[in-house]
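Here is a short briefing on aromatic contacts, nonpolar cores and strand pairing. Please keep the structure open while reading.

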Amino acid sequence: MTETAYDVIVVGGGNAALCAALSAREQGANVVVIERAPEQQRGGNTAYTGGGFRMVHDGVETVKTVVPDLSEGEIENTDFGQYTAEEYLDDLGRATQWHCDPDLAETVVRRSTDTVQWLHGRGVKFVPRFGRYAFKHEGKFKFFGGTVVEATGGGRGLVEAEYKAAKQHGIDVLYGTQAISLLRSRGGVGGVRVLRNGEEQDIRAVAVVLAAGGFQANREWRTRYLGPGWDMAKVRGTRYNTGDGIRMALDMGAQPYGHWSGCHSVSWERYAPDFGELDRPITASRNGYPFGIMVNAHGKRFVDEGADFRNYTYAKYGRIVLEQPGSYAWHVFDSQVDHLLHDEYRSKGTTKVQATTLEELVARMEDVEPGAFLDTVRQYNAAIKRDVPFNPNIKDGRGTTGLAINKSNWANALEKPPYVAYAVTCGITFTFGGLKIDTTAQVLDMADQPIGGLYAAGELVGGLFYFNYPGSSGLMAGSVFGRIAGHGAATYATSKKAAVATS
Ligand SMILES: Cc1cc2nc3c(=O)[nH]c(=O)nc-3n(C[C@H](O)[C@H](O)[C@H](O)COP(=O)(O)OP(=O)(O)OC[C@H]3O[C@@H](n4cnc5c(N)ncnc54)[C@H](O)[C@@H]3O)c2cc1C
């Protein structure tokens, strides 16, 4: 068994890991990144993202600090609004039913803007999130829901920029290398045992940052922790996040924390492949439901599609789709809202049916009770508050009254053909349960004491998200805690080495 040594090992090759590696290197540490995936598939779930970051901002002035080439026209025709720390904390609180760890939440929120600026300073370029988080209304884009920027080139652009920065800063990367356990040393961690080219190797280090993602790609753990039925969910992102980082830390006495039976999951193309495909990262998403209705096999609506902006509901509605008979549903729209549906509804491999009458439509919707569906649409159309104007940029209050499940906003009658319906199932994004860390990103044991030299960031951290998730908080949380973890690990390594030298 061969051995090499570093100051800091970062386990994982996504956003949280790269932020940790860059931050540790800035402190002068000798750093290696261990990425399980081969180089062509590097970047974990991060590579599959839209690259959106949720940060505190004051509108155009903050946006300009990370999008310096914003044009005069864009400034004039855009209302970025503003997003205060209090609003961000409130969104995290509301989405998680007030379970989120207040110290971790506060850290993410207070360090969000500065961390996006830090990434920008390391070569990550950003653009405004037009389209997804701002619809053009009366000639002007108006942002809603807190997220105003995304990395140029989405998740892949983000990953490319981060690896480029890692190379420039002399960080080693080992691809196709799976961390399998932590090595101990006196007072804490002492390195990582890896599997590389079919052989076990020990890599020694003074500190280790775990950033190896959640366990959503592990069918067996999904069923064990999320519950029956979850073995059948589609994985939206990487196949490599199977909970290794979490298991390795638990084996060393780390404390499990957060919502272990919870996850981020969405409406997803019913016949999508079992795992994400890097070349088609978001084309299986189906997030237009606030402007239509969702029905199940019984032809019934089962959720308030317009309860909130889609980025406050999409992450919890996947579970509700999974719970429907057969774990599928249909999104149904008419021609009035077609222009509001994102390109993903028009992508190759979409299960779509279209017709000029509702009767024809339901005849083409596989496995749906036709009579019940027609009753559902009739009752829904009759219950709409038609005197309230439709506006996709605000919670317009154009809802329904008197239904068993009312729709709160954006209720358009299904009455203008052609009608379209899209088949969806549940796509899991990432799991919420993970390791307990403190605000310095140190992994805590069962007595809430830090395990010497062990840090964690990203999706394998528990305690931030429960039940639901405000869109674009994942990259932000991973960046904030990755940066903190890298700094902490490098500082720990320096002081440990100094102590050894003087002893
Ligand atoms: C389709 C999709 C769209 C999304 N869009 C957004 C968005 O726009 N904004 C947002 O904030 N969030 C988004 N998310 C959520 C987002 O992906 C995550 O919050 C974030 O990217 C997680 O970063 P991470 O570094 O923690 O994990 P990852 O990026 O998944 O990185 C984990 C890494 O660990 C590696 N790994 C796993 N096991 C091992 C092992 N044993 N040894 C070595 N390496 C290992 C993996 O190969 C991977 O490189 C999206 C997710 C998906 C799937």
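Buried means under 20% relative accessible area, exposed means over 50%, and partly exposed lies in between (1.4 Å probe, protein chains only). This is a predicted model: local features need pLDDT of at least 70, side-chain atom pairs count only at pLDDT 80 or more, and totals for chains, interfaces and linings use all residues. Residues are numbered from 1 along each chain as its sequence is written, and side-chain values use heavy atoms, with hydrogens and water left out.

**Aromatic pairs**

- Rings of Phe, Tyr and Trp (its six-membered ring) pair if their centres lie within 6.5 Å; planes under 30 degrees apart count as stacked, over 60 as edge-to-face and the rest as tilted.
- The count by this rule is 23 aromatic pairs.
- Phe 53 and Phe 126 are edge-to-face, because their ring centres are 5.6 Å apart and their planes stand at 85°.
- Phe 53 is in strand 3 (residues 52-53) and Phe 126 in strand 5 (residues 126-128), so this pair ties together parts that are 73 residues apart in sequence.
- Helices (H or I, at least four residues) and strands (E, at least two) are DSSP runs, numbered from the N terminus.
- Phe 53 is buried at a relative accessible area of 0%; Phe 126 is buried at 3%.
- Phe 430 and Phe 432 also have ring centres 5.6 Å apart, with planes at 70°, so they are edge-to-face.
- Both Phe 430 and Phe 432 are buried.
- One aromatic cluster is formed by Phe 80, Phe 130, Phe 141 and Phe 143.

**Charges over rings**

- A charge sits over a ring if NZ of Lys or CZ of Arg is within 6 Å of the ring centre and within 35 degrees of the ring normal.
- Arg 270 lies over the face of Tyr 328, 3.9 Å from the ring centre.
- Arg 94 has its charged end over the ring of Tyr 312, at 5.6 Å from the centre.

**Nonpolar cores**

- A nonpolar core is a set of buried Ala, Val, Leu, Ile, Met, Phe, Trp, Tyr and Cys residues joined through side-chain atoms within 4.5 Å.
- The largest has 132 residues, of which Phe 126, Val 192 and Leu 210 touch the most other members.
- Helix 13 (residues 473-502) gives the most to this core, with 11 residues.

**Strand 19**

- In strand 19 (residues 419-431), 13 of its 13 residues are buried.
- Two strands pair if DSSP finds at least two bridges between them.
- Strand 15 (residues 263-269) runs antiparallel to strand 19, joined by 7 bridges.
- Strand 13 (residues 234-235) pairs with strand 19 in the parallel sense over 2 bridges.
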